[in-house]
Amino acid sequence: MSAAAPHAAARAALREVARWKPAEYAFWAATAASWFLLPGQHLLLNEIAIFALFALSLDLVLGFGGIVSLGHAAYFGFGGYAAGMLAQAGYTDPLLGLAAAALASAALGFVTSFLVLRGSDLTRIMVTLSVSLVLFELANRLTWLTGGADGLQGITIGPLLGRFDFDLAGHVAYAYSLVVLFVLFLAARRIVHSPFGWTVRAVRGNALRAAAIGLAVDLRLVGIYTMAALYAGIAGALLAQSTQFVSLDMLAFHRSADLLLMLVIGGVGYLYGGMIGALVFKAMQNWVADITPEYWQFWIGLLLVLLVVIGRERIFAGSLVLARRAFGRRG
Amino acid sequence: MNAALEIVGLSRRFGGLVATNDVSLRLERGARHALIGPNGAGKTTLINLLSGVLAPSAGRILLDGTDITALRPDARVHRGLVRTFQINQLFADLTPLTTVGLAVSRRLGLDRQFWRRLGSKGEIVDECVAILERFDLLGVMNERVGALPYGRQRLLEIALAIACGPRVLLLDEPAAGVPEGEREGILAGVAALPVEVSVLLIEHDMDLVFRFAQRISVLVNGSVLMQGSPAEVAADARVREVYLGEEVHG
């Protein structure tokens, strides 16, 4: 081996880890194509895109930061209310609403991250759950501000970029959500492959060693948690804007629980898991609910039990293993 | 001139148990200093106190003349005090290359960069390759760390510490549990440590200790029994009694 060979090999290896895989191009091509090919499904697809973003946010916390959260709806709902109130106050530009929701949720995430840092896994689950329950009760009580159980009334959202009015069939909303999802995905992808992203993985992998190589463990977790809260807030704002309604339901516990299910279905730690999970979950919910409206949760439950008992890989007959390899998941 | 590392009257009590009892120790620049002692003598406790995982009940730790007793573990690393672990503490899902890469990034202050790709800076890659080569890890640099043979993981323990740019290195039993066939690799790795780094080696493997150390301290029941050159320690009757006599080394 000549002297230059290991350098070139190492450089190539590090490039390869972050390189776009063919399946990723296919994934996004199919996603873009769905806008053109399925115009009748845009309302459902819009919802899926929003939950995909929300699940991407949880993947940052859980798959990369290693923090199990049962209260991620707190940041989703907070962003939704922020965008809704801004619109109520007459600032109806959707992008302005997104920015406000992002800032508000990131601020909430930053502050609450210090609570989440305390203690072990179980404590963290309880803390995340408590934060979301407190927020839910606050929104319930502060009727003058949030409308309480009736939700925020009278939201009107202005046209996107001053040109495209939100339509009832969801064409504009879906395009809007998809572009936001894609842009935020690109940012997340860059960040998880950056030195910062690798240090977050290191903290999840072994916090003791992370500190022993000089990483401020707490700050890493604060960073990734705040970033995830920002993402969740934007997802909440997208839902608020495209439905022009915000209710307590956005902060409800079942949101956080469903979200965790989506991520578990799709797999954690490779960014696509949440998005695939959101698609499977929502599609199943929609499809099974058509057949048996009362029992769709039974089928979701059954899928989960099978996932756990048999294993995700074997259920999908290795296709997901291949997909993951193709998407470049590590470990 | 200041010692590279100086420990002054360091003590640590766990309830009634005194794990570290008034230990004082001077590590000169470029030292190859070994700390030996029977099981339960408090060697790992001492490393935990030095690296900041535990807080001492009394005493001070000076790194190059500066008191670091109150600093957090990561702040001590920034000042050049780095340790390895007796039981591997690695990132099982990463590769040796990314493991060393992130440590080098940290040392160069690039660990908060969130927009550039890891390794997009050539100097980082160059340094990673140099470190991996020194510890004979180039051939496995893209394997998953958790799947590496135990001996390779022990080498990565040391390589990762070197990637942090230590001035003082605390080696906690680098040869612990390494099968015979891989021992030479560890010995070579320890011998390949940069000369300017001051090393405190904790080890049970007497062969390694006497090959490596210029000076030896013997720790018994949390206290320093004696310090001296390898020849002095080997000749000391008390040491033979409490340590070498009791524990026949294989």
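Helix H9 (residues 195–205) of chain A is largely enclosed by the rest of the structure, because 9 of its 11 residues are buried. The model is a predicted one. The buried residues of H9(A) are A:Pro195, A:Phe196, A:Gly197, A:Trp198, A:Thr199, A:Val200, A:Arg201, A:Ala202 and A:Val203.

**Interface of chain B and chain A**

The contact between the two chains involves 43 residues of chain B and 36 residues of chain A. Together the chains bury about 3,400 Å², and 68% of this area lies on carbon and sulfur atoms. On the chain B side, B:Phe91, B:Trp115 and B:Arg117 supply 18% of the area buried against chain A, more than any other three residues.

In one salt bridge, the side chain of A:Arg11 meets that of B:Asp126 at 3.0 Å, N to O.

Several elements of chain B each supply at least two residues of the side that touches chain A: helix H2 (73–78), strand E6 (81–83), helix H3 (96–107), helix H4 (122–134) and helix H5 (150–163). The largest share, 6 residues, comes from H3(B). By class, this side of chain B has 22 nonpolar, 9 polar and 12 charged residues.

**Two individual residues**

A:Lys282 is located in helix H13 (residues 272–291) of chain A, and B:Thr66 is located in strand E5 (residues 66–67) of chain B. Their relative accessibilities are set out below.

| Residue | Relative accessibility | Class |
|---|---|---|
| A:Lys282 | 9% relative accessibility | buried |
| B:Thr66 | 36% relative accessibility | partly exposed |

A:Lys282 counts as buried because its relative accessibility of 9% falls under the 20% cut-off. Beyond its neighbours within four places in sequence, A:Lys282 is in contact with A:Glu47, A:Ile48 and A:Phe51.

B:Thr66 counts as partly exposed because its value of 36% lies between the limits of 20% and 50%. When residues up to four places away in sequence are not counted, B:Thr66 touches B:Ile61 and B:Arg79. B:Thr66 and B:Asn2 are 64 residues apart in sequence, while their C-alpha atoms are 9.2 Å apart in space.

Methods. Residues numbered from 1 in each chain as written. Chains lettered and ligands numbered in written order. Predicted model: local features only at pLDDT ≥ 70, side-chain atom pairs only at ≥ 80, totals over all residues. Heavy atoms only, no water. Helix = DSSP H or I, 4+ residues; strand = E, 2+ residues; numbered from the N terminus. Buried < 20%, exposed > 50% of the residue type's maximum accessible area, 1.4 Å probe, protein only. Contact = heavy atoms within 4.5 Å. Buried area = accessible area lost by both parts, 1.4 Å probe. Salt bridge = Lys/Arg side-chain N within 4 Å of Asp/Glu carboxyl O. Nonpolar A, V, L, I, M, F, W, Y, C, P; charged D, E, K, R; others polar.
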